[in-house]
Each structure stands twice: as C-alpha cells, then as structure tokens.
Amino acid sequence: MKFRTRLRVTFVTIIALPLVLTALAFCGIGLYLMNIQDGFPVEELDYKAMTENMREVVDATDGVFLNLKRQIAEDPSRLADREYLEALNSQIVRKTTYIIVRKEDELYYAGNEEAAEAIFLRLPAFGEQDGSEDSGIYFDDMDKFVKKADFLFPDGARGSAFVVTKVNSLISRKLLVDMFVAIFLILIFTGLMLTHWIHKGVFDPVNELNVAMRKIKEGNFDYVLQTDARGEIGDLYRNYEDMRLRLKENAEENRESEKQNRELVSNISHDLKTPITAIKGYVEGIMDGVAVTPEKMDKYIKTIYNKANDMERLINELTYYSGIDNNRIPYNFHRINVADYFGDCIEEVGLDLEQKNIQLNYSNLAGSDTVVIADPEQMKKVINNIISNSVKYMDKSHGIIDIRILDEADSVRIEIEDNGKGVAQKDLPKIFERFYRTDASRNSAQGGSGIGLSIVKKIIEDHGGYIWATSKEGVGTCMHFVLRKYIELQEEI
C-alpha cells in the first residue's frame, strides 16, 4: 500500500472508527442501564425514548392519560375490562410508557408487571394528589413520571388508573461516567490498532531495510530481502535487491580484477626477469673479460640488444593492451573492401614468411565487392599477431600458413591455419586469456608476452565480431574470426 493511501486510511480511521464505536457504546450502555435498572426487555425498547427530554416525556404521557380520562368520563366500567386495558396499553407507541390500574390496594392490571412491582407501593392513594393532577408526579430516584386518575369500579370499589413513563435522560451521572470510560477505551483501542498497523506496515520494513544496509556496510552482499508488498515499501525492497545484486557483482568483479592484477604483476616480473638476467649475465661477461675476441664481443652485444628488444616489445604490448582494455585507444572505422585489403596484407607478410622458409597460401571465396566496417590499422595488428604466433610455435622444417576468406551470407569469416605443433584440447579455451601459455614452465625462450591473442580477441570483439580456435596436437592450429558485412540500404522507388 502506498504511503499516501496509508495516510488517507489512517485519517479516515481516526475520525470514523471512534465515532462509530462511540455511537455503539452510547446505545449499548443506554440499553443496558434501561434493561438492568427497570426490567425492560431490550427487544421491546423504544430507542427514540433514549434521546427525549422531559417535555417530550410529558407530551407522550399526556396523550395516553387524556384517553384514560376521556374513558373514565364516558364509561369508567370499561377500565374493569382487562382485555380493553391490554388493547389500550398495546396502542402506546412509547414502549417505556405503560398503564397500571389499582383496585382498592391491590394491583388489578399492569402493562409491565416487572416494572410495576418496583413502583406500585409508592403510588399515591385514592384521592391523594402530590401536586396538581395535570402536572403529574416525578420520582427522581427512579426516573419515573406518573399521572393518576381516580374512578369507581362497577361494584363500587375505588380504583386508580396510572400512566407511568420511564424518563430515560442520557444526561445522567452514571451514563456520563460510563461514556467517558467507553470513549477512553475506544481511543486507546483505536490508537493501538493504528499504531500496530503503521508499525507493521512501515516501521518493521524500515527496520529490516536498516539491518540490510548494515549488512551491506559490513560487506555482506548475501542478505536477501523479499516481499510481495506494493507501493513505496515494495519499491524500496526491490531497489535494495537491485542495489545488492549490483554491488555483489561489482565486488566479485573487483576481486577478479585484483586477482588478475596480481597475476599481471607476477607475469610481468617473470617475463622481465629472464631478459634482464640474460643482459646482466652478458654484461658481467664483458666486464670480466670473458669476451676476449671481437667475434665473441659482437655476439654478446647482439644478444644484449635482442634481449632489450624483447623487453621493449613486452612493455609496448602491455601498454597497448592497457589502452584497449580501458577504451583509451580510439578506433578509426572505415568501409574496407575485403579483397583489396587482405590482398595488400598478404603481400606485406609474404616476404617475411618467405625468408623464414614458411609457405603462405591465400584464397578469397568472398565477392570482389564485399565490404566490412573496420579499423585498418587494428585489423592489421590482428593478422600480424596471429601469424607471428603461428611462426613462433612452428615445429616443422617446412612451415605452411593458409589464409582463407569465406563468404557467410551477412558476414565474412577469415581463417588463418598453420601446421605447427598445435594446442591441447584442455588448453584451447584458455589461449585468449592474457598471459596464458600452454607451457606450464612458462619458458620464454621462444619470446612473446602471452597477451598477443588476448589483444586479438579484444580488437575483434570491439569490431562487433567474434573469434575462436580449433587445433590438433602435432597437426596445427586454425584461428577463425567473423566480421559483419557492410550492406548499403537501397531506397525504395
């Protein structure tokens, strides 16, 4: 439930619930007092009498009393007929008003026998009048208003007809006290109910969120909050879950990044240690006079130069990879004709491979007008890295490298295959990881940093393509990468 709706419900409840409960308490207490004190059955009560004032009570009594006086004046013998009296009493609209007929000192008829017993002995005697006949008598301690009319029965016995009315004034001390207690209890009940409802619907969820935030602060990203609630509370829970999952993912990424950074430092240390050790050894040889001949001195100096170049190449590759990984190297994408571009590349690498006694085969099965969107310089680095990797691990006296361009509907697949020593199947999925080498000893005698293929993978993916490798030990390795074609949309005529 939304906070706005919850506040509206609270506002309406604060007003409506006490009013309803107060009205029910008012009716209940009034009925209880009338029923207990005066013996009126609840089902026979006249509820309008509970709100009448004294003037209304007198008017209601006068109506019944005038009928009795009229009957006494016309034919007092009718009052000896109990059926007539019952019929007359039943016609009284006000249920707390009833008729009593006394014959001599005995109760002859009572419209409400139980209530009549309480007041019968206090009724005035025949001919006795407390106050004027028209004003009637009010028994303050019993809240009864009585009017009397005397007559003679047919046998000459003295009789008196009384009209008794219960004065149900709600403005009484007992009723005020009872209502005050009832209202106090109603307000306590309403407050407790609303407090429980708000506490359960607002404070409990907020406390749970507070606990969850402390867990986040402590680095515990596994504390889950689940709810089916709607509104702001449900949104808060769901936002917390989204935040928790995002923070957990970032924390895992940071841990993985820290692990990779540690591996990076370790690998750099290892890869730099070998050429530095070699340089140091040859320099010490020169300083100690080991290189006594010009030929030996020349060999030492060339070895130092080559090791320094290896170190420079390693540092350059690390710098280049860091730039690509952090998206700091801009790409200059152009529309490139596949046939023309790869034809030029083959001419450049062909001469180097020929000097190394490696045969280069090239075939283009794509159309002459096939175009892709690529950065020419970065794609050249991809091709050079793959070919240099093939040359590095070539174990045949007559090496062969095949480059094939294949047409695949909306994309172009490039295959670069060699007949080198191949890669074991268990190592094949990992060759694109940075600093990964298939040789466990990490012998760098063959050169290289171990990040060449990771650079290739990054460049291909930045071009919107993907790359994979197939290999068989002792037979060779084939690199496959796919680039999407550039298809120019033609305007409809």
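Two strands are taken as paired if DSSP finds at least two bridges between them. In this predicted model, strand β7 (residues 358–364) and strand β9 (residues 399–408) run parallel and are joined by seven bridges, with Asn361 standing opposite Asp402 of β9. Strand β9 also pairs with strand β10 (residues 411–418), here in the antiparallel sense and over eight bridges, and within this pairing Asp407 has Val412 of β10 as its bridge partner. The two strands β9 and β10 form a hairpin with two residues between them, and Ala409, which lies in the turn, has a positive phi of about 55°.

The chain as a whole contains ten helices and twelve strands. Of its 493 residues, 39% are buried, and the chain exposes about 29400 Å², of which carbon and sulfur atoms supply 54%. When contacts between residues at least 6 apart in sequence are considered, 64% of them join residues that are at least 24 apart.

Strand β3 (residues 137–139) runs antiparallel to β4 and is joined to it by three bridges, Tyr138 standing opposite Phe145 of β4. The hairpin formed by β3 and β4 has four residues between the strands, and Asp143 in its turn has a positive phi of about 50°. Strand β4 is also joined to strand β5 (residues 158–166), again in an antiparallel arrangement, by nine bridges, and in this pairing Lys144 is found opposite Lys166 of β5. Five residues lie between β4 and β5 in their hairpin, where Gly156 takes a positive phi near 90°.

The largest nonpolar core comprises 46 residues, and the members that touch the most others are Ile387, Ile401, Ile414, Ile416, Ile431, Ile460 and Phe481. Helix α8 (residues 338–355) contributes the largest share of this core, namely seven residues. A second, separate core of 19 residues includes Leu79, Tyr108, Ala157 and Ala161. Once its neighbours within four places in sequence are set aside, Gln378 is in contact with Tyr320, Ile329, Tyr331, Ile459 and His463.

Nonpolar side chains are also found at the surface, where Val177, Phe180, Val181, Phe184, Leu185, Ile188 and Leu192 form a patch with about 700 Å² of accessible area together. Val181, which is one of these residues, lies in helix α5 (residues 173–217) and is partly exposed, with a relative accessible area of 39%.

Salt bridges number 17 in the model. In one of them, Arg238 is joined to Asp235, the closest N and O atoms being 3.3 Å apart; because these residues are three apart in helix α6 (residues 231–287), about one helical turn separates them. Both partners fall in the partly exposed class, Arg238 with a relative accessible area of 38% and Asp235 with one of 40%. A salt bridge between the side chains of Asp462 and Lys458 has an N to O distance of 3.8 Å, and since these residues are four apart in helix α10 (residues 452–462), they too are separated by about one helical turn. Asp462 counts as partly exposed, at 27% relative accessibility. Salt bridges that share partners also join Arg404, Glu408, Arg413, Glu415 and Glu417 into one network. Because buried means under 20% relative accessible area, Glu415 at 7% and Arg413 at 18% both belong to the buried class.

Conventions. Residues numbered from 1 in each chain as written. Predicted model: local features only at pLDDT ≥ 70, side-chain atom pairs only at ≥ 80, totals over all residues. Heavy atoms only, no water. Core = buried A, V, L, I, M, F, W, Y, C linked by side-chain atoms within 4.5 Å. Buried < 20%, exposed > 50% of the residue type's maximum accessible area, 1.4 Å probe, protein only. Patch = residues over 30% accessible without salt bridge, like charges linked within 9 Å, V, L, I, M, F, W, Y side chains within 5 Å. Areas by Shrake-Rupley, 256 points an atom, 1.4 Å probe, with all protein chains shown as cover. Salt bridge = Lys/Arg side-chain N within 4 Å of Asp/Glu carboxyl O. Contact = heavy atoms within 4.5 Å.
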